[in-house]
Amino acid sequence: MANHNKHIDEATGTETTGHEWDGLQELNTPLPRWWVMVFYATIIWAIGYTILMPAWPLVSSYTTGFLGASQRSQAIAAHNAAVESRSAAGSGLVDASLEEIQGNQGLLEFAMANGRAAFGDNCAPCHGTGATGAKGYPNLNDDAWLWGGSLDAIHTTIQHGIRGEDDDTRESPVAYAIGMQAWGDDGLLNEQQIRNVSNYVVSLSGGATESGADLEAGKTVFEENCAACHGEEGKGSQDLGAPNLTDKIWLYGGDVDTVVETVTHGRKGVMPAWSGRLDPVTIKSLAVYVHSLGGGV
Amino acid sequence: MRADTQGGGGGQSPLYAAAKKVYPQAVKGTFRNIRWAVLIITLGIYYLLPFVRWDRGPNAPDQAVLVDLPGRRFYFFWIEIWPQEVYYFTGLLIIAAMTLFLMNAIAGRVWCGYLCWQTVWTDLFYAVERLIEGDRRDRMKLDKNRWTGEWILEKVSKHTIWLLIAWWTGGAWVLYFADAPTLVKDLATGQAPFAAYMFIGILTFTTYVFAGFMREQVCIYMCPWPRIQAALTDEHALNVTYRYDRGEPRASVKQADKLRKAGEQVGDCIDCNQCVAVCPTGVDIRKGLQLGCIQCGLCIDACNTVMDKVGREGNLIAYDTDINIQRRMEGKEPVFKPIRARTMVYVVMIALVGALMTFTLATRSFEGLNVLHDRNPLYVQLSDGGVRNGYTIRILNKRTEERVFVLSVEGMPKGTTLQAVGITETAAGDPVIPIGPDQTRELRVLVNADSSANLGKSVPIAFRITDTGSGESVKTEDYFKGP
Ligand code: SF4
Ligand code: SF4
């Protein structure tokens, strides 16, 4: 050991450890006592900690510790607390009307946050995370609303769905069809009639029609068959969920071929009713949130 | 066990060294007086500042300095800082760092010697100790005879007073985070929040331990500043310096007389060790500048007293620079150059950041507008062929009364409409937004351009809010996206 040839460093008067590297010797400068004490204290702390808290891995589990702390139970407790506080905050929404919610800053902020989360969980799979929709799934950011874009209309739609299983579901109250009639499949119009009426419909919104299309004939077909739902001028009806054919927004596409396909086979867009699956506060929040995206009339 | 004794059997080296207790002696003089003054001023500010009132009107706290964590505000006299403005703290930190560097370049570790809280509270604790246990000799004697009646009595009273000071220190700290008089009442009646008691406990403990027991060890082992400052100081910096050119070789008064008669060269230091006895960190300054020296100047006072007594010129230890010792030894005039490239850089930095902060503070508006453009979707087409963009905007009202803002958009063609959810509109169709005192409000705003607009892919626009009362307004620029 080093103590056999004890060596004192001349400059400092301190003993060296006897280790030498390229002529450099290490001074033996002991640590301060408190430092060592703190070091021991951390060791004792560590031992106590591994006894009290989950620590050591076992073959298929781990030591749970005497305090019974577990991140899982903490997470569950935190989750429950969050749910509870949310329902407390949401209780204000129960009695308030949709307009009242919109007019009250606190309720509005809660409904928006709650609605945004619920939208992501439930609506985004069809309508997209940004509510931009897709072919057959309406874009909720624009101003075209098949079944009405007012707060109440949106609320009703979310509650009862469209052409769904709900007793109060929204559907076209027309005896012969759920959704749009399949004029070709059902043999009600022949191919030429369909082509004519499709060209006419596309022309309503200023779209490109086929050259040589007989728009006059199409108009006649339209007035005899389509105007019942879409109106004489093709402006549609929100009561029937019949789209406005004069605007620039097309759920399935506004070119002649797509319209021909629509007229031939019909369209039966469906949305589920949420009143059985989501609580009323969440549905109200959703209505407020969706309305904020691009709500209209 | 001590560093200089061998511990354990077989001549093993000691594992640790017990700290050598320092018994600084009382001292009188210029620097001692300066330290008293600094101690009284700094502690006075610290303990009393929370009780200074500042009238901010009905909806804001009346405390001059307040860190309002739940309300997310920081109040400093006439200044109110919002979370959006934390860059002021960045500025303050830069100024603080630069001031520290400047102090260092001019006069070494003056921060350590006079202003550091560790120094100030340790000094206060030493004062209490001295008051109760007496000066250096009495304290050394006292510690040799433990468990006598006197020892117990003095130790108990010392620690009681120490604990009271430490407790008051922790108590003052929490007062910066709530209305001080109310909190004092709540603390006394046991109704204050748990966090308050916890922080008082933590700070009582740290003050008691750091100022009462760790003392110079904090400076030597725990504080990074002595290491950093070594890199910041240079030969032009004033440091507490033993002028060895004048002091060496040492000789007692008698011996010096003898040697002088014999025609030999003798220094002024009489090796009385007074400078070491008074040093709060137990440093022998005659060995040169070292890590342990906090530059408090007490050894200067001690040595000057000695020099006075023996009738020699004072300032054998003084604030001096390395370069001057060198120069004097070479027979040149001493110089002092506080204005150097290094110090100028610091001064300019301080001035720049200070000016910038003053400017932004002076011109800062009392309303704010943050705009966030929707990304998903960037835009939507409307049924008439127009285009709609969605924005989330946040409006800040930094005044303490409710205000009503009108939101408008600039840079859009005629026929553009604004829609804000849950908001009424002016006759011209602009949203009218009331915001409570000292609050923010987030809104979803839709901007609709009509079909005739024929906009490009990206149009620079600006949102503007205008206070309907005072007419103050701010604007924030953004873009309107199209297909
Ligand atoms: S050496 Fe002198 S200046 Fe340095 S800490 Fe000791 S008394 Fe203070
Ligand atoms: S107090 Fe002055 S004279 Fe006495 S030992 Fe220190 S430097 Fe020398």
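Helices (H or I, at least four residues) and strands (E, at least two) are DSSP runs, numbered from the N terminus. The model is predicted, so that local features need pLDDT of at least 70 and side-chain atom pairs count only at pLDDT 80 or more, whereas totals for chains, interfaces and linings use all residues. Residues are numbered from 1 along each chain as its sequence is written, chains are lettered from A and ligands numbered from 1 in the order in which they are written, and side-chain values use heavy atoms, with hydrogens and water left out.

In chain A, the UniProt record (unreviewed entry) lists residues 34-52 as "transmembrane region"; UniProt positions follow the numbering used here, feature names are shortened, and annotations may be inferred rather than shown by experiment. This span is 100% helix and 0% strand, with its end C-alpha atoms 26 Å apart. Helix α1 (residues 33-52) of chain A contributes eight residues, the largest share, to a nonpolar surface patch. The patch covers about 1,100 Å², and its members include A:Trp35, A:Phe39, A:Ile47, A:Leu52 and A:Phe66. Patches are made of residues with over 30% relative accessible area and no salt bridge, like charges being joined within 9 Å and nonpolar side chains (Val, Leu, Ile, Met, Phe, Trp, Tyr) within 5 Å. Accessible areas come from the Shrake-Rupley method with a 1.4 Å probe, and for residues only the protein chains shown count as cover. A salt bridge is a side-chain nitrogen of Lys or Arg within 4 Å of a carboxyl oxygen of Asp or Glu. A:Leu52, in helix α1 of chain A, is partly exposed at a relative accessible area of 37% (buried means under 20%, exposed over 50%, partly exposed in between; 1.4 Å probe, protein chains only).

Residues 161-178 of chain B are 83% helix and 0% strand, while residues 194-213 of chain B are 100% helix and 0% strand, with end C-alpha atoms 28 Å apart.

Most residues other than glycine have a negative phi, and most peptide bonds are trans. The bond from B:Glu248 to B:Pro249 is cis, with omega near -10°, and B:Pro249 lies in the loop between α11 (244-247) and α12 (253-261) of chain B. B:Trp147 has a positive phi of about 60° and is exposed, with a relative accessible area of 65%. B:Asp438 likewise has a positive phi, of about 55°, but is buried at 12% relative accessibility.
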